[in-house]
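Me: Please take a close look at the salt bridges in this model, and at the charged side chains around them. I would like one connected account that places each of them in the fold.

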Amino acid sequence: MIVSIFGCPNAGKTTLRNALKERHPGVGSYCIDDFRKEYGDGSPEGEFLAQMKFLETMDKEDGFYESSGAGMVASVPIWI
């Protein structure tokens, strides 16, 4: 099961993801920002790497996946 939660900043994505996590404690919970912190460095290349790691996890793990559509990611998406 993959649930993708996508929206603008401050739209309530994290609140929704946390509520889903509470109701389904055995399901993974992931946020693109965590991948940016771990793999990104603020560069377009770092953003690409963070997005690829996020997608790789989505391909392997069921879960709730949170991402937003602001900034460069929204205007020039790197998603495959």
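**Salt bridges and their surroundings**

Reply: In this predicted model, the side chains of Asp-33 and Arg-36 form a salt bridge, with 2.9 Å from N to O. Both residues belong to helix H2, which covers residues 32-39, and they are 3 residues apart, about one turn of the helix. Asp-33 has 38% relative accessibility and therefore counts as partly exposed, and Arg-36, at 23%, also counts as partly exposed.

Arg-36 has a further partner in Glu-47, whose side chain meets that of Arg-36 in a salt bridge at 2.9 Å, N to O. This pair links distant parts of the chain, since Glu-47 is in helix H3 and Arg-36 in helix H2, 11 residues apart. Glu-47 is buried, because its relative accessible area is 11% and the limit for a buried residue is under 20%. Through shared partners, Asp-33, Arg-36 and Glu-47 are joined into one network of salt bridges.

The count of salt bridges comes to 3, and another of them is formed by the side chains of Arg-17 and Glu-66, at 2.6 Å from N to O. Here too distant parts of the chain are linked, with Arg-17 in helix H1 and Glu-66 in strand E3, 49 residues apart. Arg-17 and Glu-66 are both buried.

Lys-13, which is also placed in helix H1, is buried but has no salt bridge, and its nearest side chain of opposite charge, that of Glu-66, is 4.7 Å away. The side chain of Lys-13 does reach the backbone oxygen of Cys-8, at 2.8 Å. Leaving aside residues up to four places away in sequence, Lys-13 touches several residues, including Ile-5, Phe-6, Glu-66 and Ser-67.

Terms used:
Residues numbered from 1 in each chain as written. Predicted model: local features only at pLDDT ≥ 70, side-chain atom pairs only at ≥ 80, totals over all residues. Heavy atoms only, no water. Helix = DSSP H or I, 4+ residues; strand = E, 2+ residues; numbered from the N terminus. Buried < 20%, exposed > 50% of the residue type's maximum accessible area, 1.4 Å probe, protein only. Lys, Arg positive; Asp, Glu negative; His and termini not counted. Salt bridge = Lys/Arg side-chain N within 4 Å of Asp/Glu carboxyl O. Polar contact = N/O pair within 3.5 Å; in protein donor to acceptor, adjacent residues only side chain to side chain. Contact = heavy atoms within 4.5 Å.
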